Amino acid sequence: MYVLRTKSEFDSAHFLKDYNGRCANLHGHRWRVTIEVGADEVLSQGPYRGMVVDFGKLKDDLKEETHKLDHTLIIEKGSLKESTKEAMKEEGFTMVEMDFRPTAENLAKYFYDIMSTKGYSVLKARVYETPDNCAEYRQD
């Protein structure tokens, strides 16, 4: 099997509502996302002959998604009072509400799913919260 990997990074803040620990408090990360795609064969015809996919397009598609989260506050829907959200919006803060708790594990699945819907044969997605700690999602 041929395997291609690309990465993209973004800075954002989050917190884990109802968590009993330091991550319950608002904090930020330099997130790094890696996506691996694969195929049993390379393309045999056309401009991408000899390739699994165009690296440039793969990289751009991932960067497009990470850019949407860059310099935002990622929150789980229902985790902040409406008055808090409104006050933050009035101050000019950008928030992205997710249907899930913004853990590295859930973000790994989020990027796996997004890149899959873009037509890639995703093998796995990794999301690093720190240089040494990451979560990985893959379907077996």
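Start at Glu76 and select Met98 with it: Met98, in β4, is the bridge partner of Glu76. Strands here are DSSP runs of E, at least two residues; helices are runs of H or I, at least four; both are numbered from the N terminus. The model is predicted: local features need pLDDT of at least 70 and side-chain atom pairs count only at pLDDT 80 or more, while totals for chains, interfaces and linings use all residues. Residues are numbered from 1 along each chain as its sequence is written, and side-chain values use heavy atoms, with hydrogens and water left out.

**Stop 1: β3 and β4**

Select residues 72–76 and 95–98. These are β3 and β4, parallel strands joined by four bridges. Two strands count as paired if DSSP finds at least two bridges between them.

**Stop 2: the whole sheet**

Show all strands. Six of them form an open sheet with mixed pairing, in the order β4-β3-β1-β2-β5-β6. β4 and β6 (134–137) are the edge strands, each pairing on one side only. From one strand to the next, the twist averages 30°. Axes are lines fitted to C-alpha atoms, for helices over the stretch in contact, and angles run from 0 to 180 degrees between N-to-C directions.

Zoom in on β1 (residues 2–14). Three bridges join β1 to β3, and the two run parallel. Select Ser12: its bridge partner in β3 is Thr72.

**Stop 3: helices on the sheet**

Contact means heavy atoms within 4.5 Å.

**Stop 4**

Select β5. Five of its seven residues are buried. Buried means under 20% relative accessible area, exposed over 50%, and partly exposed in between (1.4 Å probe, protein chains only). β2 and β5 pair antiparallel over six bridges. β5 and β6 also run antiparallel, joined by four bridges, and a hairpin links them through five residues.

Which residues are the bridge partners of Val127? In the pairing with β5, Val33 has Val127 as its partner. In β6, the partner of Val127 is Ala135.

**Stop 5: the cores**

Which residues have the most contacts inside the largest nonpolar core? Select Ile35, Phe111 and Val127; the core has 25 residues. A nonpolar core is a set of buried Ala, Val, Leu, Ile, Met, Phe, Trp, Tyr and Cys residues joined through side-chain atoms within 4.5 Å. β1, β2, α1, β4, α3 and β5 each give two or more residues to this core. α3 gives the most, six. A second, separate core has six residues, among them Ala13, Ile75, Met88 and Met95.

**Stop 6: a polar contact**

Select Ser8, in strand β1. Ser8 counts as buried because its relative accessibility is 8%. Its side chain makes a polar contact with the side chain of Thr66 at 2.7 Å. A polar contact is a pair of N or O atoms within 3.5 Å; within protein, one must be able to donate a hydrogen and the other to accept it, and residues adjacent in sequence count only if both atoms are side-chain atoms. Ser8 also touches Trp31, Arg32, Val33, Leu62 and Lys63, leaving out residues up to four places away in sequence.

**Stop 7: two loop residues**

Select Asp18, in the loop between β1 and β2. Its phi is near 70°, a positive value in a residue other than glycine. Asp18 is exposed, with a relative accessible area of 71%. Then go to His71, in the loop between α1 and β3. His71 is not a glycine, yet its phi is positive, about 55°. His71 is exposed at 59%.

Zoom out. Along the sequence the pattern is β-β-α-β-α-β-α-β-β. Along its principal axes, the C-alpha trace spans about 55 × 30 × 25 Å. Of the 140 residues, 37% are buried.
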